[in-house]
Structure formats: C-alpha cells, structure tokens
Amino acid sequence: IKDLKEQAELNRSSLNLLNSQINGIKVNNTNFIITKKKIPFTKTVNYGDGKPVSYMAEFFDNIVFVSGYGKILFSKPDNFLPNKTLTYGEIENNLRKKIKDNAFWDLSSSIIVKDKTGWKNNLSNGVSVKGILIHDGTIYLSYLREIKERCYATSILSAKMNFSYLEFNDFYVPKDCISPLDTEFLPHAAGGRMVVYKNNKILLTVGDFSHFMIAQDDNLNFGKIISIDIKTKKYSFFSKGHRNPQGLLYVEDRDIILSTEHGPKGGDEINKIIENQNYGWPIASYGIIFGHEIKKLGPTFEEHAPNGFKEPSYYWEINPGIGQIIEVPNNFSENLKNHFFITSLSGSLDKDNQHKGKSLYIAKFTDDFEKVISMERLFIGERIRDIIYSDELNGFLIAMENSSSIGLVRNKK
C-alpha cells in the first residue's frame, strides 16, 4: 500500500510538472515552468525517511552536487535544461578514509539500534551529509559524525576545492555528543546548514536531536546556531533555543540572518536571527509535542516575547516540513522583487489529507524582517531538500527526493 501511495504521489507530481511546461503554473503573477533531470544517486528516501538525496553549490561555472552518502559530482548548469543530456564528472575524495562509521555508508536502512525505552533508531537513514558550502576555494561538508562509539554530533570537514581530488580534513568537531542508545535520539533533527557570515565567520545550525532541554544548555552545542572562525576554527554560540534549524541565509546587503526551523506538530518557523538571542525551544513553541516525543517536559508557552524569547517572523499551524531559504534575484521576475523561496519536505497532512509540503513557499517580509506580510505556495509534488540559484539559467535548481532528481524552476515569460 505504501508503494502504491508513493507512486500515486509521483504521478501527481509528473502531471503537475507537465502542466507547468504546457501552460505554466501561475503564482503571485509569475508563470512558473518546472522540469527535472534524474541524477545518478541511489534513492534512499522511502516514505519520507532516509538520507538526503543531494545538497548543491556552484563553483567555477559548475554545479557541485553531493549525495547524503558522500558521492560528489559536478556538471555544467546548462546540462539541466530540458533539451540537454545530463553529463557529469565525479570528484574522487578521501571520505571513505575519514568516515569509518558503517551507518554513514549503508544504503539499505539496515543499521538499527534500540534505546533504553525500546525505541528503534535507524542510524542508516539519519547518519549522513547534512549540508555543503563552497567559499573562497574551500568546500565545507557538514555531516553526522560518530564522535565516539555510538555517540554523534553535527561536525564539518573541509577541503581545498578542485575537480580532481578532495582531501578532507577536520574543520569543526565538537566534544559533546548524543547516543542513540539513550532515550529520544532523532538524527534527522541535526541541522547542518552553513552560511558565510561577516568577519570571516561561518554560521552552522545544530539541532537538538530530540533532547529538548539541551537547546537551553549553555554548555552544550545542541539546539544552537554556532559561529566558527574560518582561520582559527574557534567557535562560539551565536543563538540558542532551536529545535531543528534546516535553512539558513545571510542577506549581506541588509545585514540580516534568516533561518527556518522544524517545529514538532505545528510550529514550523521562520526566524530573524540576532546574536545572543534565545528562540525559546522547548519552553515556547507554537507547536505541540506528539508521537514518540511525548515527554513530561514540553512547550509551556505559545507566545515567545512575553516570556523572554524572540518571536518567529512567521509560523505554520500545519507544518510543511520547511527547509532552505533563498532570496529571489530581481531579474528572475518583476513580480517577485524582495521575495524569498523556501523549500519544504513532505510536511503534515491538511484537512483534505494532502501534504502541506512538497512545495516552494514564496515569502515577502516587512522591511525589518520581523514579520512576513505575504506567503504563497508553488506546489512541486516532491520533497525538496535543497535549492540554489543559477545566473546562467536564470532559474533555481531544486533537489527532489522522491524521484532522485534535480529540478529546474524558471519564469515562463
């Protein structure tokens, strides 16, 4: 039955993409056309669970795309046009030597451990690449690292970027870690987004792994956004009180940091990130605790500000499974100036039993980014893991997990 449902979803997505190519899909007075190309990565997402299909970045007029299990490919942007054949090269690297954990490399969802309560933690699905960043000739790769036996933390490797061979070395390795043998271990709540910030810093999101109160613990790196000096590798906590920040953007011309964050049941958020601010989790949230996360400790408040925490710029009552956020360039569409695209995974079901995710959300903020003044939805029909903009294509490349594809979203002018 699950296979039939997934195939039905893919069929719906294919019809949606076909309609966009014939008629366009009009949202916010912009007519979108969507195409996609299969990529040679093993499909690891089944029924919404598994390693990420791909993260992407651009380097010297090439699109670099990295699978959740560390395969690194590159291709010219125009190869993603519908009339072109997708050709690509693979970049050899030393990840097999650096990452010894079998769970990282396993594609069969077979490495499962039980915690103290008997809950089964599937390490194969959760131990993976969590993001990539290319900056100033260096590639940074965040991933779930086994700090010591069966004890994990979000970490970063880096290498001098080239297309021949990548020699990765440790860049950020925290001392503290969380064990899946303990209670409530959720490796998908690991964060892992990176962005270049001012003063030669990289910001990294780190989730709480479903260990709620550590997001408020000033001695632990979980549930934080972390600032790392590129040269010295010294780090500090930039903000705290985060559950699972999945998107991160620095709007340099406005000196604004935006982050998106997974809530529990309801409460997905967009946050304006300010240094040393507390974003409330798990004390304040517009979502509720559910499923195996039910604990004695949960959100006490909905409202943040009256209780000493930073309010989100926007939150959803039904979660779309929100992801990466990116600014829409002015030349993409006259009607989308000062707007932002936000990806989504599957999300929760609405009253019509349809997923709120599998879409690009289109947001416009107030001038101070404290509030969202409009939110539109462009339905795609697949979980979208990542998004980047290509100047050459004047379009957005999106990593589509259900079909292991990279899609191209353009303005059908």
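How many cavities of 30 Å³ or more does the structure hold? The points below answer this and then turn to other parts of the chain.

1. Basis of the note. This is a predicted model, in which local features need pLDDT of at least 70 and side-chain atom pairs count only at pLDDT 80 or more, while totals for chains, interfaces and linings use all residues. Residues are numbered from 1 along each chain as its sequence is written, and side-chain values use heavy atoms, with hydrogens and water left out.

2. The cavity. The structure holds one cavity of 30 Å³ or more, where a cavity is a set of points, on a 1 Å grid over the protein atoms alone, at which a 1.4 Å probe fits but cannot get out. The largest cavity contains about 60 Å³ of space, a volume being the space filled by probe spheres set on the points, which are joined across faces, edges and corners. Among the residues lining the largest cavity are Arg243, Glu261, His262, Trp281 and His304, and lining residues are those with an atom within 4 Å of a point. The lining of the largest cavity divides into four nonpolar, five polar and three charged residues; here Ala, Val, Leu, Ile, Met, Phe, Trp, Tyr, Cys and Pro count as nonpolar, Asp, Glu, Lys and Arg as charged, and the others, Gly among them, as polar.

3. By class, the lining of the second largest pocket has 19 nonpolar, four polar and five charged residues.

4. Strand 27. Strand 27 runs antiparallel to strand 28 (residues 395-400), to which six bridges join it, and two strands pair if DSSP finds at least two bridges between them. Ile388 stands opposite Leu397 in strand 28. The two strands form a hairpin with four residues between them, and Asn394 in the turn has a positive phi of about 45°.

5. The disulfide. A search of the whole structure finds one disulfide, which is a pair of cysteine sulfur atoms within 2.5 Å. Its partners are Cys151 and Cys177, with their sulfur atoms 2.1 Å apart. The pair links distant parts of the chain, 26 residues apart, with Cys151 in strand 12 (residues 151-160) and Cys177 in the loop between strand 14 (169-172) and strand 15 (194-197). Both Cys151 and Cys177 are buried.

6. Two contrasting residues. Ile270, which lies in strand 21 (residues 269-273), is buried, with a relative accessible area of 0%. Beyond its neighbours within four places in sequence, Ile270 is in contact (heavy atoms within 4.5 Å) with residues including Ser259, Trp316, Phe365 and Met375. Asp367, in the loop between strand 25 (359-365) and strand 26 (372-379), is exposed, with a relative accessible area of 65%.

Technical notes: 1 Å grid on protein atoms, 1.4 Å probe; cavity = no way out; pocket = protein on both sides within 12 Å on 5 of 7 lines; lining within 4 Å. Buried < 20%, exposed > 50% of the residue type's maximum accessible area, 1.4 Å probe, protein only.
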